[in-house]
Amino acid sequence: MSITKKKEAFKETLKYAFMQTLPVLFGYVFMGMAFGILLEKAGYNFIWAFFISLIIYAGSMQFVLIGMLGGGMGLLSMIVLTLSVQSRHIFYGLSFIEKFKAMGKWGWYMIFSLTDETYSLLCGMSIPKELNQKQVFFAVAALDQSYWIIGCTLGAVIGSFIGFDTTGIDFAMTALFVVIFIEQWYSYQSHLPALVGMVCGVASLVIFGAGAFILPALIASVCLLLVFKNSIKQGENQEVCQ
Amino acid sequence: MSADFIIPFYVILVVAACTFLTRFLPFALFGGGKEVPALVKTLGDLLPPAVIAILVVYCLKGVDLMAAPHGFPEFIAVAIVALLHIWKRNNLLSIGGGTLLYMVLIQVVFS
């Protein structure tokens with residue numbers, strides 16, 4: 001392929017990927033800004049926001065991270081908490097094993113950047129024949145992360161200029177998880193997993209106190225879910241995409 | 001270098017490594033075309049709603065029911081977020097509206 005043709009194809013790929021990622025653009029920039037503002041309020045400037053969104057790149061986990069940055073949580077608790085919050089990602093990758101493998105070294109970035117939103121975009125796209133599928137995949141993943149980095153960094157910059165009283169703005173994180181909770185409540189046939197989590201969370205909080213409740217709550221939930229797994233009706237819970 | 005830099009840096013690296021691990025695990029374990037164990041599938045299916053419920057509790061863990069205002073701002077705002085979301089299913093409206101209400105509640109109403 002000549003250089004001009006290559007340039008043309010690159011432009012077409014980028015244009016297609018950009019159109020596909022538009023819904024994520026708005027979602028990521030706004031949620032990223034909320035994260036950036038909270039992070040700034042917790043005492044970490046935009047350089048931290050940039051660094052975190054560059055190397056972690058995970059929505060809900062980054063919000064949880066803000067509370068962990070000051071230290072005080074043990075290494076084991078940090079690992080178990082992160083693995084649990086991110087456990088759903090294990091299942092996203094299963095749909096793309098062959099495709100990402102075929103992408104060679106670019107496949108590593110695809111694995112790293114497989115967020116909920118990128119996963120659903122990659123699943124839903126019907127890529128035009130004239131475009132290179134691997135390039136489109138990579139462009140979509142990279143554009144999504146760039147929106148997230150821009151949102152997070154911008155939020156932290158804006159956060160440092162906000163003149164009004166921002167007390168209580170950290171409730172955005174609570175609201176985010178309440179929204180995810182409701183979305184999952186609708187998409188799951190059985191409400192038992194959500195209720196198990198709720199009961200274990202509250203019980204563990206009462207027994208172990210605010211500083212140490214999360215690990216026992218997670219372990220108790222895993223055990224109860226394994227006990228109840230046969231009585232939970234499993235249906236269309238996990239989208240399978242091919 | 002000061003602890004103000006080292007501790008958050010260390011926490012970020014741990015979280016980044018664990019996050020990447022969850023994304024890399026399916027490729028490491030099942031890249032050779034092996035079957036995914038039923039137990040792993042089941043947990044991946046059932047764990048997410050339980051974790052989110054625990055995270056809601058995590059967000060509210062600092063609320064003191066014994067001292068004024070007895071958790072009223074938190075519970076009112078959570079209820080409004082839930083109602084807004086059930087009504088419109090719009091993330092920005094539910095999160096933005098609920099957060100604004102909470103800020104007014106603790107800065108003005110219950111201050």
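**Entry 1: the whole chain.** I started by reminding myself that this is a predicted model. Then I looked up what chain A is built from: it has twelve helices and zero strands.

**Entry 2: box and burial.** I checked the box that the C-alpha atoms of chain A fill, and along the principal axes it comes to roughly 70 × 55 × 30 Å. How many of the 242 residues count as buried? I got 40%. I also looked at contacts in chain A with a separation of 6 or more, and 79% of them come from residues 24 or more positions apart.

**Entry 3: a helix pair.** Two packed helices are described by the angle between their axes and the distance between the axes. I picked helix 8 (residues 116–124) and helix 9 (residues 133–159) of chain A; their axes come within 10 Å and cross at roughly 155°. That makes helix 8 of chain A roughly antiparallel to helix 9 of chain A, because angles over 145 degrees count that way. I noted the handedness too: helix 8 of chain A passes helix 9 of chain A in a right-handed crossing.

**Entry 4: who touches whom.** Which residues make this contact? From helix 8 of chain A I wrote down E117(A), T118(A), L121(A) and L122(A). Helix 9 of chain A brings F137(A), V140(A), A141(A) and D144(A). I sorted the residues of this contact by type and ended up with five nonpolar, one polar and two charged.

Key. Residues numbered from 1 in each chain as written. Chains lettered and ligands numbered in written order. Predicted model: local features only at pLDDT ≥ 70, side-chain atom pairs only at ≥ 80, totals over all residues. Axes fitted to C-alpha atoms, helices over the stretch in contact; angles between N-to-C directions. Helix = DSSP H or I, 4+ residues; strand = E, 2+ residues; numbered from the N terminus. Parallel < 35°, antiparallel > 145°, perpendicular 65-115°, else oblique. Left-handed = near helix turned anticlockwise from the far one by under 90°. Contact = placed C-beta atoms within 7 Å. Nonpolar A, V, L, I, M, F, W, Y, C, P; charged D, E, K, R; others polar. Buried ≥ 20, exposed ≤ 12 C-beta atoms within 10 Å, placed from the backbone.
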